[in-house]
Amino acid sequence: MIVKDTFLGLAGLDWALLGGGLAAILGGIGSAWGIAIASATISGIVAEDSEKFGKLLPLAAMPGTQGIYGFIAAVLVLIFFNILGGTSTLTAPQGFKVFLACMPVAWACCVSAVYQGLTGASAAGIVARRGEDSGKALIFPALVETYAVISLIVTILMLLSLRATFGA
């Protein structure tokens with residue numbers, strides 16, 4: 001079935017793909033940026049004391065989760081609305097709603113990953129001075145993670161609701 005209606009020049013499938021794509025792209029950009037921020041500080045600490053690498057690695061890796069959350073949202077769009085199977089029949093208004101449902105995870109993950117990298121870089125100072133407190137140092141970046149997880153949950157719930165509404 002060919003859907004010919006458009007909204008702002010885009011068909012329903014275009015809007016859905018744009019939403020899922022932005023979720024993956026913005027989550028990935030934020031993750032890369034956050035990892036770079038944390039890694040810059042952590043590399044300096046490891047250069048002075050290579051024994052702390054294992055305790056610092058989680059602080060550098062944590063911002064990477066937001067990219068995974070954006071990826072999950074993009075895959076759900078492809079699966080929930082039959083885009084992978086090539087049988088999607090989304091109208092333009094339906095596709096636009098899918099696009100909007102992807103925005104919480106796209107933007108929250110982009111921003112939270114950067115702030116998680118900043119928090120991880122600061123928390124690395126705890127490990128540098130007191131290696132035995134590495135568990136405490138993980139708490140601060142984990143607090144930032146909370147909002148990325150909430151945005152993923154909101155996006156998943158919105159996508160599930162739309163799928164049920166559209167009967168996809």
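N82 is found in the loop between α3 and α4. Helices here (H or I, at least four residues) are DSSP runs, numbered from the N terminus. Before I go on, two remarks on the source. This is a predicted model: local features need pLDDT of at least 70, side-chain atom pairs count only at pLDDT 80 or more, and totals for chains, interfaces and linings use all residues. Residues are numbered from 1 along each chain as its sequence is written, and side-chain values use heavy atoms, with hydrogens and water left out.

Back to N82. N82 is not a glycine, yet it has a positive phi of about 55 degrees. Is N82 buried, exposed or partly exposed? Partly exposed, because its relative accessible area is 32%. The cut-offs: buried means under 20% relative accessible area, exposed over 50%, and partly exposed in between, with a 1.4 Å probe and protein chains only.

L8 also has a positive phi of about 55 degrees, and L8 is not a glycine either. Look for L8 in the segment before α1. L8 counts as exposed, because its relative accessibility is 68%.

Now helix α3. It covers residues 64-80, which is 17 residues. From its first C-alpha to its last it reaches 25 Å, close to the 24 Å expected at 1.5 Å a residue. The expected span is 1.5 Å times one less than the number of residues.

Which residues of α3 are buried? G64, Q66, G67, Y69, G70, A73, A74, L76, V77 and F80. Keep one rule in mind as you look at them. An α-helix has 3.6 residues a turn, so residues three or four places apart point the same way. The buried residues of α3 pack against α1 (12-48), α2 (53-61), α4 (92-129) and α5 (134-166). Contact means heavy atoms within 4.5 Å.

Next, helix pairs. The axes of α1 and α3 come within 7 Å and cross at roughly 170 degrees. That makes α1 roughly antiparallel to α3. The α1 side of the contact is A16, L17, G20, A23, A24, G27, G28, S31 and I35. The α3 side is G64, T65, Q66, G67, G70, F71, A73, A74, V77 and L78. Axes are lines fitted to C-alpha atoms, for helices over the stretch in contact, and angles run from 0 to 180 degrees between N-to-C directions. Angles under 35 degrees count as roughly parallel, over 145 as roughly antiparallel, 65 to 115 as roughly perpendicular and the rest as oblique.

The second pair is α2 and α5. Their axes are 10 Å apart, and they pack at an angle of about 5 degrees. That makes α2 roughly parallel to α5. From α2, K55, P58 and L59 meet S134, A137, L138 and P141 in α5.

On to the rings. How many aromatic pairs does the structure hold? It holds 7. In F80 and F81, the ring centres are 6.4 Å apart and the planes stand at 75 degrees, so the pair is edge-to-face. Rings of Phe, Tyr and Trp (its six-membered ring) pair if their centres lie within 6.5 Å; planes under 30 degrees apart count as stacked, over 60 as edge-to-face and the rest as tilted. Both F80 and F81 are buried. R163 lies over the face of F80, 4.4 Å from the ring centre. For that, CZ of Arg or NZ of Lys must be within 6 Å of the ring centre and within 35 degrees of the ring normal. Elsewhere, ring pairs link F7, W15, F96 and F99 into a cluster.

Last, some single residues. S112 lies in α4. It counts as buried, because its relative accessibility is 7%. Leaving aside neighbours within four places in sequence, S112 is in contact with Q66, V144 and A148.

L26 sits in α1. L26 is buried, with a relative accessible area of 10%. Not counting residues up to four places away in sequence, L26 touches A106, W107 and C110. L26 and V105 are 79 residues apart in sequence, and 8.8 Å apart in space, C-alpha to C-alpha.

K97 is in α4. K97 is partly exposed, at 44% relative accessible area. It touches L162 and F166, again not counting residues up to four places away in sequence.

Key
Helix = DSSP H or I, 4+ residues; strand = E, 2+ residues; numbered from the N terminus.
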